[in-house]
Amino acid sequence: MAESMSAAPVAAPVPTSADIARAEKFVRERFLFDGEQPAAALAPGSARRRALEEALAELAADPRARGPSTAWRREFSLLLGLERLLSEDEPKLADGTVLSAHQVDALSGTLTALLAAAQSATPNGNGRAPASASPELLASADILGPGEPDDDSAIRDAAASAAAGPAAASARVAPVAELSPEQYEQEPEGDEDYSAGEEREEDAIGEDEDLGEDEDLGPLARSAPEHEDEDDLEEDMLPREPPDGEEQPEQPRLQDEEDTRAWAEDEPRDWVDEGEGDEESLAEQPEDPNAAKRFWFEHATGAGKTVAALGFVEASQTGGVLILTHRRNLVDQFHGELRDRGYAKRIRPALLKGKDSDRGPVTVETYQWFVRNAGHISSAYTIVVCDEAHTALGEKTSAAIRKWTGPIFIGMTATGALIARHVTDLFPTQTSRFDLALAARRGVIAPLRCVRISPGVGVRTIAKVPLRRGEVDTEFDQDELAKLLDQQPFNIAAANLYRTRFNGVPGVVYAAGVRHAYNLAVAFRAEGIKAQAVSGETPKRQLAEILARYERGEIDVLINAQLLAEGWNSPRATACVHLAPTASKRIYQQRVGRVTRRHPGKEAGLVVDFVHPATKNDDPVVTLHSLLDRDVYRGGAIVVGPVRRGRGRRMRVERRVLPVCAEEERRFAVFERELWRIAVEHLDYGEQHVWAALAGARVAPSGWRRARAMLHFDRPGELKSRFLITAVQRNKNAQVRLRALSEIPSLRDPDAFDTAIDIIGGWPREERREGTKIMLRALVERRIGRRDQANAWIWRLAGYTREVHEEYAVQRWPETKRLLGLLVNSSGGAHARNARRLIHAARQQDRRLAAALLAAALAHTPEAEEALRGARTRMARKPPALARELLRNFPKRRARGARRRRKEDAEPAEAVGASAEVNGSAAEADGAPAAAAAGEGQDGASAPGSDARDARPDGEVADAPSDAVLSEALASRPPGVEDGAGLEPGADEELQRNVQEALDHASE
């Protein structure tokens, strides 16, 4: 216990206020803020206390120093600057621009990560983390090639500099390799900085293609190992066979390039002992030692990523900031933003080896420049901001970033979540996320509306276009896509569509290649649209002039392949038209980001997807709904963002919806929630049957017309049959069941008719009697099925109402009661004899009474049943006449008083069901055929509105949905043959199973 207490370190006293003020003047940052106590804010071991002590140590070592050392700037400049910036009530930039909440989140997330790293760092004697933070290891010549001299000496000098303390480290900023200025591969300023590769359309996205040829990289880049053939380098690293007769020496685990070359030349070297010593003295090094200093945040396009990046510029007062982007025009854009925000004096040209500045220089360059000058960039840059961080994931760029182990790297992108696995490989720590959906909901960017337009039969083969896997994501083969889409009829149709639906709306159209873009521009101009095509082949000045004319309103439509997908910001752009689909969510979101910026008079961004309206989210073609994982598509409606009614909406919103989610449970939830708004004609065949079954089970009397109108496209009648049968079987409303039963005969489907008769047998007595009358009347009026089927149906229906026919026969002929009694009370042979006696008596009566006697008879033995079946068959030679006679046996409808009649006249049309109509038809005393029910069609192909004429005796009509819903349903296109209507052979059982599961789920 005594030993542990004696070993405890004694807390160092808090520096005096004079020392704190001297250090603040030296580093140009504050160590104490208003209201803070020195003992708490500068607690021993805290990051701020360590920064103060090391700043005082550097002042003590060199009182004439004008600013802190490079090592201090890299470790503490950003940390203290973020604390200063975030301590304000409203963090703001130099020009007074107040940072929004999500921009502050990006800064605070980075500060939190830096504080956590500072607290977890193991300090050495002077409080600094070990040599992993050594400044000159950043500019190590490992990134160069094996041709540079004395690499090991530079590394040893850098390590000694770090061990000697901050002052010595700042004094020993020695270049790794002395090169003349002519040897540095600097890019000239101005227009000459554009290489031939940057002006090509296909090189507009990433930097790796631009660096494909060594002659464009310069001598230094060509000497780097990652630019040479990796196979040759691996062969050099492999052990060679020793001469004959000599033993193969044991290889060490760790050896540098000089050891490899020496061993390859068979030079004598005591490398085994040295390797063993290294193993004992060096701890195991991580594969990516600088991963803890690389962060990234995701902000939606239009949410102000550039302003957030300038927040890091504001925070770093002494450390240099290097901003990397993937295009030269974005360099100019960043320069303009820096000047507008008050940082013009800090803009500096690129600083290379041997140059230093503690005044916080800010440099904006491209990733191409970064790769070419890797290993020769000044250590004055303590922060590297990687714009569009997903474009830095190429092999060469990511390797250069990993090998520069000094500065803090901050990546920012709008599509990080779509390729998070790739981004986190290079930038492990995410500090903030403000994606497209969140930004739209908070009103930071414009809401987004979407409309889907079917591309037509000739373009539906896009599913056959092969997919090509790239370094980051998967995309359609662009050559094959261009061959498919670049057709004159398609271009003319697209131009006509834009003029018809979006005339006067400023937009950007994405085509399948440069040639397709120019062909589309010709078609658009032929339609009178002010359109212009641009590409990587467009000269820089001409491109700038075209974009300026677009901003002035002289051009309404810009057509491109991929040039304007990133790095182009125009708040005026409103419509984003994806004429060329993409399989990459990253590219799709970048395209959509062009129309998300807010602008006066811009109610929402319009996204046009050229896909079938029912395309699911798991389709290879990316849509706005698959990008945002939405369940329902509603044409023209806002997909994400607040709804502002009556504010300049430029697109008609459809009233019907379609489920687009791919998961079965989510789709069924949409069916449950939006059953009466689903555009059934766009569903696949199996889901159309599911909808028809659910609608039949849930339809109410007031929604009958709506349900029938939504099935207007069903020419074969299969969906109507499913709807009506399910309504008869499962609907809880008796009136709806009878109404559906009365419409089944209009289908002229024997199977549906037979199923309906089976269902009637399970109904209650009174309802079964009404159903029997409906079906008998249908057999009187229509010829359904074969004669033997009609005969069987008639006697089955007569059996359901045996008591009615027995009552009539007893009233007409009193002997009936004795004959039926003998038949019921007998058995065996006597039962058969009594059945034949009843049949013989029936032959002596008229047709109506004979039919009633046979309908009332009930056989118990096979012999008696066979005798009755023969008699019934002989009587049913004319099924309509037999059905008419049985229908006359039902009692007449009782006369109702005037008071009752007036009450019913005031009720809705649905109050009197189909039973009243049936009773009225069956009340004819002379047996004439009953009149058809009002509104009932003559066949399954009747007009969609024919069933809506559900006239009541008082002339009233049943409740109906709004005219807009009905007109939209009736105007929609029924599916053609190409939509795949119909089932595959053998799929009927699966369809029945799916429908049954949906109904069981709904009933639960």
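This is a predicted model: local features need pLDDT of at least 70, side-chain atom pairs count only at pLDDT 80 or more; totals for chains, interfaces and linings use all residues.
**Why the labels apply: strands, salt bridges and rings**

Colleague: In which sense do strand β2 and β4 pair, and over how many bridges?

Modeller: Strand β2 (residues 320–325) and β4 pair in the parallel sense, over 5 bridges. Two strands pair if DSSP finds at least two bridges between them, strands being DSSP runs of E of at least two residues and helices runs of H or I of at least four, numbered from the N terminus. Residues are numbered from 1 along each chain as its sequence is written, and side-chain values use heavy atoms, without hydrogens and water.

Colleague: Which sense describes the pairing of β4 and strand β5?

Modeller: The pairing with β5 (residues 408–413) is parallel and comprises 5 bridges. Within it, V385 stands opposite I410 of β5. From β4 the chain passes through helix α16 (residues 395–403) to β5, in a right-handed β-α-β crossover. The term right-handed applies because, with the strands pointing away from the viewer, the path from the first strand over the helix to the second runs clockwise.

Colleague: Why is strand β4 described as largely enclosed by the rest of the structure?

Modeller: Of the 7 residues of β4 (residues 381–387), 7 are buried, so the strand is largely enclosed by the rest of the structure. Buried means under 20% relative accessible area, exposed over 50%, and partly exposed in between (1.4 Å probe, protein chains only).

Colleague: What makes R48 and E83 a salt bridge?

Modeller: Their closest N and O atoms are 3.2 Å apart; a salt bridge requires a side-chain nitrogen of Lys or Arg within 4 Å of a carboxyl oxygen of Asp or Glu, so the pair qualifies. The pair links distant parts of the chain, with R48 in helix α4 (residues 47–61) and E83 in helix α5 (residues 70–86), 35 residues apart. Both residues, R48 and E83, are buried. The whole structure has 49 salt bridges.

Colleague: Why does D95 count as partly exposed?

Modeller: Its relative accessibility is 36%, so D95 falls in the partly exposed range. D95 forms a salt bridge with R341, at 3.7 Å between the closest N and O atoms.

Colleague: How many aromatic pairs are there, and why is that of W676 and W691 called edge-to-face?

Modeller: The count comes to 11 aromatic pairs. The ring centres of W676 and W691 are 6.0 Å apart and the planes stand at 85 degrees, so this pair is edge-to-face. The rule pairs rings of Phe, Tyr and Trp (its six-membered ring) with centres within 6.5 Å; planes under 30 degrees apart count as stacked, over 60 as edge-to-face and the rest as tilted. W676 is partly exposed at 22% relative accessible area, while W691 is buried at 0%.

Colleague: What makes the pair of W704 and F723 tilted?

Modeller: The angle between the planes is 45 degrees, with 5.3 Å centre to centre, and therefore the pair is neither stacked nor edge-to-face. W704 and F723 are buried.

Colleague: How do you know that the charged end of R572 sits over the ring of Y550?

Modeller: The charged end of R572 is 5.1 Å from the ring centre of Y550. A charge sits over a ring if NZ of Lys or CZ of Arg is within 6 Å of the ring centre and within 35 degrees of the ring normal. The charged end of R737 likewise sits over the ring of W763, 5.9 Å from its centre.
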